[in-house]
Amino acid sequence: MTQLHELSASELLAGYRSRQISPVDALLDVLSHVARWEPHLQATYLLRPEAALAQARQSEARWLRGAPCGPLDGVPVTLKDNIATQGDPTPLGTAALPLVPAAADAPPAARLREAGAVLLAKTTMPDYGMLSSGLSSFHPLARNPWDLSKGPGGSSAGAGAAAAAGYGPLHVGTDIGGSLRLPASWCGIFTLKPSLGRIPIDPPYTGRAAGPMTRGVEDAALMMQVLSQPDARDSMSLPAQPIDWRQLAPGTQRLHGLRLGLLLDAGCGLATDPEVRAAVQAAAQRLADAGAIVEPMEPFLTRAMLDGMDHFWRMRSHMDMRTLTVEQRGKVLPYIRAWADSAATLSAAQVYEASQQFHATRVATVRACAGYDYVLSPVAPITAFAAELPSPTDDPLRPLEHIAFTVPFNMSEQPAASVNCGYSASGLPIGLQIAGQRFDDLGVLQLAHAFEQLRGAQRPWPAPPTP
């Protein structure tokens, strides 16, 4: 029998509407499930059952009156640590920063509250969000529910683990180089990194996006209708558009004649693991068999582009570290300190040249994708790596070798999703990246939904270890 924590947001809302399910009962079941998982995953921050129950009781009263306050009324949701919630500290995953209560909800938090969602908890992230792991100097080490010896990915680490483990149906993370898609791939869930500005975020930053993390496309589409409302605090926020995010049809019929590029070599970084390559090729073949035109693509990201972005981000973090006291700086994760300190010897000319690689990456990505409706690729060249490692290379001078498939679409502002397309021989999930033309976020959701239909049911979600 399906338990309440296993239900999608759409199923919960249908149950609330028919009065067969109560928001309070749904939350209690989720909390009970979280209690079984959390000692092993350590995915949450500010998990406050009583505060969440108060919200659920208010939602229940609204449903009993037949007056829900919004499209997500009573649905449990989590938010990443770095998405501010009023009155709560935002540590950004690091023990170095003072715990100052946020003055206001960031845009994603505000939109979810307005929609009636029940904030179950915040979720964990690594220091400053600059790792693709769950390793943090502030939060306990997050782990992957598919294999507790592995990490969930990052920097939306806790969100990826929570979604895969069933901490309710809806989760929000952020992404500046792959931080939504990497944990989605390694945890077997779905995510959409939207076009820049589609989901307002505060503070905004070039390439930075917030996005839904769910077990399936339908729930992500449900979240998009809420999260995509404009907000003036984001200087890159897109204007309001009448997009019907729930229109995922016509499904597989939409595939006929679509031109899909297949990118299996990122051009630099780690080599693609044979199991990952095979899973992505099989996914592309499913789409081709359904009528799409799939063509191989040549790599377009260069070592100079990847290293340039890395060096600029190092300098940005180096400058951030200079604002810290000696005591604060000593609390930063040593890997992050070593990475940032390596920028100290960069000249002004080198930093300038590094900064130019963001635009070079953007131009190369847009040009490479111009001949296709969508581009298919691995999300990551490897499956999930050891939980204790800050990065797959464990080398602060080679920190970004695993993001060569994801980071180009942050710079080009194109929407890109991760949808599960298979598993390794050891049972670890593998993600297919689907990237679309700029602003075609709905089209990416529709193609991902069509692939879900072709793929069929995933393997059963992992269960918490028995006591």
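Me: In β11, which residue is the bridge partner of V375?

Reply: This is a predicted model, in which local features need pLDDT of at least 70, side-chain atom pairs count only at pLDDT 80 or more, and totals for chains, interfaces and linings use all residues. Residues are numbered from 1 along each chain as its sequence is written, and side-chain values use heavy atoms, with hydrogens and water left out. Strands (E, at least two residues) and helices (H or I, at least four) are DSSP runs numbered from the N terminus, and two strands pair if DSSP finds at least two bridges between them. Strand β9 (residues 374-378) runs antiparallel to β11, with five bridges joining them, and the bridge partner of V375 is A435.

Me: Which residue in the turn of the β10 and β11 hairpin has a positive phi?

Reply: Strand β10 (residues 416-423) is joined to β11 by seven bridges in the antiparallel sense, with Y423 opposite P429. Five residues lie between the two strands of the hairpin. The turn residue whose positive phi is about 90° is G427.

Me: How many residues of strand β11 are buried?

Reply: Buried means under 20% relative accessible area, exposed over 50% and partly exposed in between, with a 1.4 Å probe and protein chains only. P429, G431, Q433 and A435 point one way from β11, I430, L432, I434 and G436 point the other way, and all are buried. Strand β11 (residues 429-436) is therefore largely enclosed by the rest of the structure, its buried residues numbering eight of the eight.

Me: What relative accessibility does S377 have?

Reply: S377 is found in strand β9. Leaving aside neighbours within four places in sequence, S377 is in contact (heavy atoms within 4.5 Å) with L263, V280, F405, G431, L432 and Q433. S377 counts as buried because its relative accessibility is 2%.

Me: What distance separates the C-alpha atoms of P152 and A164?

Reply: P152 lies in the loop between β3 and α5 and counts as buried at 0% relative accessibility. Beyond four places in sequence, its contacts include A157 and A161, both among the buried residues of α5. All nine of the nine residues of α5 (residues 157-165) are buried, so that helix is largely enclosed by the rest of the structure. P152 and A164 are twelve residues apart along the chain, and their C-alpha atoms are separated by 9.4 Å.

Me: How many disulfides are found in the whole structure?

Reply: A disulfide is a pair of cysteine sulfur atoms within 2.5 Å. For C369, the closest cysteine sulfur is that of C268, 15 Å away and therefore too far for a bond. C369 is buried, with a relative accessible area of 2%, whereas C69 counts as partly exposed at 40% relative accessibility. The number of disulfides found in the whole structure is zero.

Me: What volume of space lies in the largest cavity?

Reply: On a 1 Å grid over the protein atoms alone, a cavity is a set of points where a 1.4 Å probe fits but cannot get out, and lining residues have an atom within 4 Å of a point. Points are joined across faces, edges and corners, and a volume is the space filled by probe spheres set on them. The search finds two cavities of 30 Å³ or more; of the 20 residues lining the largest, the closest to its centre are G129, M130, L131, S132 and L400. The space in that largest cavity is about 200 Å³.

Definitions and conventions
1 Å grid on protein atoms, 1.4 Å probe; cavity = no way out; pocket = protein on both sides within 12 Å on 5 of 7 lines; lining within 4 Å.
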